[in-house]
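The structure is shown first.

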Amino acid sequence: MSMLEVDSLKRSFGGLVAVRNVSFEVNEGDFLGLIGPNGAGKTTLFNVISGVLRPSAGTIRFLNRNISGQPANQTVRQGLSRTFQAATLYPEATVIENVARGTLGASLTGLSSGFLSRKWRVNAEEKAYHVLDLFGLRRRADLKARELSYGEQRRLGVAIALASEPKLLMLDEPVAGLNPEEAAELASVLRRVKSERGVTMVMVEHHMRTVMGLCNRVVVLDHGTLIADGTPAEVVSNPLVIEAYLGKEAVDA
Amino acid sequence: MNPSTTKPMSYAAVAVAVILAVLLPWFAPNQFYIHLATVGCINLMLVLGLAIIARAGQLSMGHGGFALVGGYVSALLSMKGWPPLLTLFIAGLTAAVIAAALGWIILRLRGVYFVLVAFAFSQIAVLLALDMSSITGGANGLVGVPPISIFGYVLRAKPQFYPFALVCALATLLLTWLLYRSPLGTMMAATAENQRLTESSGIDTHRVQVIAFTIGSGIAGFAGALSTHYLRFISPDSYTFWESVSYLTMLVVGGRDGVLGPVVGVLVLTPLPELLRSTEGLQHIIYGTMLVLCLMFVPNGLASLVQTWRSRQRVARTTTAVVAEEVT
Amino acid sequence: MSMDFILAQTVVNGLMVGMIYVLMAIGFTMVFGIMRIVNFAHGEFYMIGAFLFAILYGSNGMPFAVSVLLAIGATALLGLLMERVVFRRFRGNELNGMIASVGVALILQNSALLLWGSSARTVPPVVSGVLSVGGIVFPWSRLVVIIGAIVAVVSLNLLIGHTRIGRAMRAVAQDSEIAQVQGIRVDVIFPAAFVLGVSLAAFAGVLMAPVLSVSPFIGLAPTLKAFVIVVIGGLGSVPGAVVGGLLIGLIESFAGTFVSASLSEILQFLVVIGVVLLRPQGLLGRKEREA
Ligand SMILES: Nc1ncnc2c1ncn2[C@@H]1O[C@H](COP(=O)(O)OP(=O)(O)OP(=O)(O)O)[C@@H](O)[C@H]1O
Ligand SMILES: [Mg+2]
């Protein structure tokens with residue numbers, strides 16, 4: 001069943017068209033890789049889908065609902081979360097508080113609740129500890145987020161997004177800047193999240209080894225245009241893709 | 001020290017402070033101290049209102065404007081014969097409604113715009129009070145505002161008014177504390193620290209900020225009204241831009257993070273203007289200097305000195321725990 | 001009095017006040033554009049410029065040109081001191097920078113109050129007489145303010161557009177990190193921009209001193225006006241400040257003459273809300289990068 005349908009999506013900044021007429025689908029259970037050279041428009045595509053930016057044209061449907069141009073917070077509550085390319089967290093809050101804040105949007109009944117009882121906090125922290133366990137961060141729970149190592153901060157960023165209990169999780173270069181062990185560790189966490197929680201995922205990633213190891217399908221973006229869609233093996237042997245990455249001569253040679 | 005001993009200790013400290021505040025009229029050498037304490041209670045409410053707005057990441061330079069609106073609303077209604085106990089709440093509600101409308105329009109934009117609009121609003125409130133002299137008495141203000149009476153007991157003199165002001169201030173303090181611990185308060189803090197991430201966790205940060213601005217300004221309206229019934233007088237000069245600045249100073253000097261900061265800021269800075277009444281210029285210079293020095297050297301306020309000390313202990317504890325775990 | 005006469009006076013007054021606001025707004029927006037600080041103390045430098053001029057020229061009878069230069073120079077030095085001691089620590093920190101500027105405003109205004117007292121001073125007119133064009137008379141005292149302000153704005157534009165330091169300032173305003181990489185001495189540009197902004201405010205104060213009366217409390221209103229104009233015209237835009245300043249000056253003059261002063265304030269407030277809602281980047285501002 002298709003979970004996310006992107007149809008003829010376009011986004012421009014002044015004269016620059018960052019995303020041009022892009023259409024693709026994400027099916028339930030997919031682990032979709034989104035690759036493309038620097039500046040191809042991958043982050044912009046994420047921003048438009050998640051509601052951080054408004055589309056210039058085109059539609060986005062999530063779980064058969066039109067979510068084009070809808071504010072980000074509403075999209076998240078419907079089950080679509082995303083992470084940011086840079087480590088994005090609450091630097092002065094503790095690790096457990098970071099993840100607990102991530103649970104609030106999804107579990108909330110109303111803004112006026114929880115004034116007298118502390119049950120909401122117990123629940124939020126219980127959920128948050130589960131997520132921390134999954135990411136191997138439990139023993140860091142009481143440190144401030146800014147005191148974590150870079151690798152741990154990246155993991156925490158994904159943990160916060162997962163705390164909102166998404167059905168579809170979109171990750172923007174989750175392993176960028178991590179050393180090989182950290183990258184492998186995060187990859188195995190993602191695999192576990194997918195199998196244990198049944199979360200469908202979309203991942204932007206430059207690191208081909210990670211993409212090949214995790215994704216069942218890959219789409220390729222170049223200069224804002226979608227140029228390929230297929231299994232990882234199909235995509236890496238696609239001449240258009242090789243050209244986009246290596247330049248024209250590489251193909252001719 | 002571990003958390004299980006910290007908690008009862010801070011509860012005890014709070015209890016002692018409240019008891020001291022309640023007993024003040026019995027050991028105050030003269031009425032001036034009671035007056036000072038009453039002004040402190042009113043200031044505390046105003047600073048808490050400002051703190052709630054700051055908690056969600058915004059700075060209101062028009063806080064005095066809402067107090068002014070509250071003061072006039074309550075004064076005018078009670079002079080028409082409405083019971084002051086009721087008009088106090090109407091005053092708070094009026095300020096809150098204006099804040100909600102303004103905030104809803106303005107808060108989706110960058111912080112700088114919000115600062116301007118709140119600032120300009122307070123200037124207009126002053127101008128309107130001056131200009132609509134048939135209703136507001138113009139520059140002379142309104143004299144002879146009725147005192148508050150509770151079931152026929154009239155709060156006319158200082159020793160009678162003080163307990164009421166203290167109850168209002170403590171109630172505000174309690175509400176603020178409950179708010180900070182609630183999901184809404186948590187969302188406010190999250191919004192202030194990283195609005196984009198909070199939005200991406202499914203929280204409507206615009207709404208959170210509007211609510212914070214509404215609550216904070218509503219409290220300002222109530223406190224402005226309370227002060228008006230205490231002094232029995234209000235004029236356009238009662239809450240100018242410089243009053244907004246002094247609440248901001250108390251907040252920054254005390255600390256923006258919890259409920260302790262406003263209390264500390266009010267305790268440190270309320271006595272100053274009353275003691276230096278003859279040289280008003282000097283008092284403002286001291287305020288300005290404290291504001292600048294605090295921002296430079298203790299940007300989280302005097303109350304943070306306590307918190308820093310506590311969290312050092314906490315970090316020391318967790319790191320030893322982590323090290324122990326890693327060694328085994 | 002004929003309608004023509006009143007209209008002409010209203011326009012001249014509007015242009016005069018408007019040009020003063022333009023000077024204030026340009027300095028304000030320069031400091032914001034380059035240091036990212038909303039400077040609530042900006043109007044206090046206007047007040048100090050006006051005061052120094054009133055003391056030097058009005059009370060001590062110093063020659064006009066000497067009084068102008070000394071008043072602006074001394075205010076600029078004070079601005080440099082404030083930049084070195086306070087503002088430099090807060091550049092880029094919008095929230096705390098703004099709060100610190102409020103503290104500086106408190107200190108400056110009340111130091112003036114302690115030093116010079118609260119009573120208003122008047123300065124003898126620098127020029128007298130009227131210019132009459134086609135039967136309508138314009139007082140020279142006001143025309144001088146307009147001309148002085150125009151000269152200042154034009155020279156500033158030349159400075160920003162055609163000198164090395166001007167180009168460096170524009171680069172820093174656009175992106176201080178990239179400017180630094182390009183070899184621009186950011187640590188020189190910040191104080192230079194601040195002092196330039198302060199000098200413009202002081203000059204505005206000097207120009208207005210003979211027209212208004214001078215007291216320690218005259219700084220807040222032009223600060224608010226500068227802020228309003230900058231938001232209307234677009235944060236960081238000099239042409240925007242000119243358009244916004246003249247617009248506000250004329251609204252103030254016309255509404256003030258024909259209706260009431262507070263109506264003009266309310267009108268300006270509505271203009272701000274309208275602009276902020278419909279064109280948040282300001283009338284002549286460029287859109288900021290989203291997300
Ligand atoms: N907010 C914005 N305003 C203007 N231009 C933008 C904005 N965001 C992105 N762009 C431009 O759009 C194009 C695509 O950028 P985007 O960040 O989406 O690429 P990307 O594929 O994520 O690149 P990378 O691999 O480096 O992360 C780039 O040319 C970029 O400069
Ligand atoms: Mg990207």
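## Interface of chain B and chain C

The model is predicted. Across the interface of chain B and chain C, zero salt bridges are found by the rule. Two residue pairs are counted in polar contact between these chains, both at pLDDT 80 or more. On the side of chain B that touches chain C, at least two residues each come from helix H4 (84–106), helix H5 (111–131), helix H11 (241–254) and helix H14 (280–297) of chain B. Of these, H5(B) gives the most, with 13 residues. By class, this side of chain B comprises 30 nonpolar, five polar and three charged residues.

In extent, the contact involves 38 residues of chain B and 44 residues of chain C. The two chains bury about 3,700 Å² between them, and 83% of that area lies on carbon and sulfur atoms. Within chain B, the residues that lose the most area to chain C are Tyr113(B), Leu116(B) and Trp242(B), which together account for 17% of what that side buries.

## Interface of chain A and chain B

Here 36 residues from chain A are in contact with 29 residues from chain B. The area buried between chain A and chain B is about 3,000 Å², with 61% of it on carbon and sulfur atoms.

One salt bridge is counted between chain A and chain B. It joins the side chains of Arg101(A) and Glu193(B), at 3.1 Å from N to O. Seven residue pairs are in polar contact between chain A and chain B, both residues at pLDDT 80 or more. On the side of chain A that touches chain B, helix H2 (72–77), helix H3 (95–107) and helix H4 (119–134) of chain A are the elements that give two or more residues. H3(A) contributes the largest share, six residues. This side of chain A divides into 16 nonpolar, eight polar and 12 charged residues.

## Helix packing within chain C

Helix H9 (residues 220–233) and helix H11 (residues 261–278) of chain C pack with their axes 9 Å apart, at an angle of about 35 degrees. The crossing of H9(C) past H11(C) is left-handed.

From H9(C), the contact is made by Lys225(C), Val228(C), Val231(C) and Ile232(C). H11(C) contributes Glu265(C), Gln268(C), Val271(C), Val272(C), Val275(C) and Val276(C). Seven nonpolar, one polar and two charged residues make up the contact of H9(C) with H11(C).

How values were computed. Residues are numbered from 1 along each chain as its sequence is written. Chains are lettered from A and ligands numbered from 1 in the order in which they are written. This is a predicted model: local features need pLDDT of at least 70, side-chain atom pairs count only at pLDDT 80 or more; totals for chains, interfaces and linings use all residues. Side-chain values use heavy atoms; hydrogens and water are left out. Contact means heavy atoms within 4.5 Å. Buried area is the accessible area (1.4 Å probe) that two parts lose on being put together, summed over both. A salt bridge is a side-chain nitrogen of Lys or Arg within 4 Å of a carboxyl oxygen of Asp or Glu. A polar contact is a pair of N or O atoms within 3.5 Å; within protein, one must be able to donate a hydrogen and the other to accept it, and residues adjacent in sequence count only if both atoms are side-chain atoms. Helices (H or I, at least four residues) and strands (E, at least two) are DSSP runs, numbered from the N terminus. Ala, Val, Leu, Ile, Met, Phe, Trp, Tyr, Cys and Pro count as nonpolar, Asp, Glu, Lys and Arg as charged, and the others, Gly among them, as polar. Axes are lines fitted to C-alpha atoms, for helices over the stretch in contact, and angles run from 0 to 180 degrees between N-to-C directions. A crossing is left-handed if the near helix is turned anticlockwise from the far one by less than a right angle, and right-handed if clockwise.
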